[in-house]
Amino acid sequence: MSETFTTEESSRPATGGDAAATGARRADGEGVDGGVGLTALLVAAARAIETHRHDSLAQDVHAEHFVRAAPACADWPVRVAQVPEGDDNPLWGRFARYFGLRTRVLDDFVLGAVHDGVRQVVLLGAGLDTRAFRLDLPSDCVVFEIDRAGVLAFKQRVLTDRSAAPRAKRVPVPVDLRADWVTALTSTGFDPGAPSVWLAEGLLFYLPSRAETYLIDTVDRLTTGGSALAFEAKLEKDLLAYRDSAIYTATREQIGIDLLDLFDLGPRPDSAGHLTARGWSTSMRTPFDFTRRHGRGPLPEPNDALEGNRWVFAHKPGS
Ligand SMILES: C[S@@+](CC[C@H](N)C(=O)[O-])C[C@H]1O[C@@H](n2cnc3c(N)ncnc32)[C@H](O)[C@@H]1O
């Protein structure tokens, strides 16, 4: 099945192989220097900061190099010591720690699946995720990285400049997840007949609701027993009610990213319930559960933009 989903503000064409080939940014904002692509750099900066913490939850030696290579974030910090208020800064303190915790939790999820024998990893909205380079993956593992062409072209340029070598086979799949991404994935060697582990980390709330439903249906269709999926959801009914929260305000005012402007604000599908109805075993956790487990990370606060965030872990039973 081939479908394309758009929102009113994003009704531009959705694919862009030329940009991948040339490394050029497309005029429609497909690179990392604006729009939703810039959020990939926000997470990279957070991971750079996390990497250099004395009590780091996740290490990513490539993260700061993405930040330094992009003119759009030349003055962003890559160490918490570079932030005048340090951890009291809502963006580079609490929010960055949130991304560090999320990285660690999903690292563990992928490694758990690989430990159970899965050899295909699919990163949906991969952004500047370097799990193919960082994680202790077996060499017969394949990591498929799906994102828009301009984002993956920037990522490749930085990694090539660093002569970075992946630990597993890495397959960039430049495609827009509002378009027919199934053909793009399966034509690069993904095998629906073998178990796979999928991540949608910091992605679904940027997609139109129908694209999310299509994504979840498609993951179900392309997976066999023994596969796993983790994704992040936001349960708030009205995201705009948190517009003045410390995190959204700091992100908007300090680095010019208005997350609420990038999120799709329409009603969200119940993707966890959908998977459960299809026989998957699912569990839903708050980030704060993992803060308590690891002894570090964000805790609830008043008017909290993270209040509705949930991490969903789903497993498809083996046949
Ligand atoms: C917040 S970043 C998260 C990146 C990565 N998963 C991580 O956690 O580091 C969101 C990513 O989703 C990607 N994205 C958003 N909408 C997309 C779409 N329609 N198709 C493909 N990728 C998309 C963006 O380009 C960006 O890289």
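This is a predicted model: local features need pLDDT of at least 70, side-chain atom pairs count only at pLDDT 80 or more; totals for chains, interfaces and linings use all residues.

Let's start with the ligand's surroundings. The ligand is surrounded by 21 residues, and the closest are Arg47, Gly125, Asp147, Asp176 and Leu177. Sorted by class, this shell holds 10 nonpolar, four polar and seven charged residues. Helix 2 gives the largest share of the shell, four residues.

Now for the polar atoms. Arg47 places a polar side-chain atom 2.6 Å from an oxygen atom of the ligand. Arg102 has a side-chain N or O atom 3.1 Å from an oxygen atom of the ligand. With Arg178, the ligand atom is a nitrogen, and it lies 3.5 Å from an N or O atom of the Arg178 side chain. As for cover, the ligand taken alone exposes 590 Å², and the protein buries 97% of that.

Two of these arginines lead us on to the helices. Helix 2 spans residues 37–51 and helix 4 spans residues 90–115; their axes are 8 Å apart and the angle between them is about 90°. Angles of 65 to 115 degrees count as roughly perpendicular, so helix 2 is roughly perpendicular to helix 4. By class, the contact has 10 nonpolar, two polar and four charged residues.

Helix 4 also packs with helix 12, residues 287–294: their axes come within 10 Å and cross at roughly 80°. Helix 4 and helix 12 are therefore roughly perpendicular as well. Here Arg94, Tyr98, Leu101, Arg104, Val105 and Asp108 of helix 4 meet Pro287, Phe288, Phe290, Thr291 and His294 of helix 12. That contact has six nonpolar, two polar and three charged residues.

Technical notes
Residues are numbered from 1 along each chain as its sequence is written. Side-chain values use heavy atoms; hydrogens and water are left out. Axes are lines fitted to C-alpha atoms, for helices over the stretch in contact, and angles run from 0 to 180 degrees between N-to-C directions. Helices (H or I, at least four residues) and strands (E, at least two) are DSSP runs, numbered from the N terminus. Angles under 35 degrees count as roughly parallel, over 145 as roughly antiparallel, 65 to 115 as roughly perpendicular and the rest as oblique. Ala, Val, Leu, Ile, Met, Phe, Trp, Tyr, Cys and Pro count as nonpolar, Asp, Glu, Lys and Arg as charged, and the others, Gly among them, as polar. A residue is near a molecule or strand if one of its heavy atoms lies within 4 Å of it. A polar contact is a pair of N or O atoms within 3.5 Å; within protein, one must be able to donate a hydrogen and the other to accept it, and residues adjacent in sequence count only if both atoms are side-chain atoms. Accessible areas come from the Shrake-Rupley method with a 1.4 Å probe; for residues, only the protein chains shown count as cover. Contact means heavy atoms within 4.5 Å.
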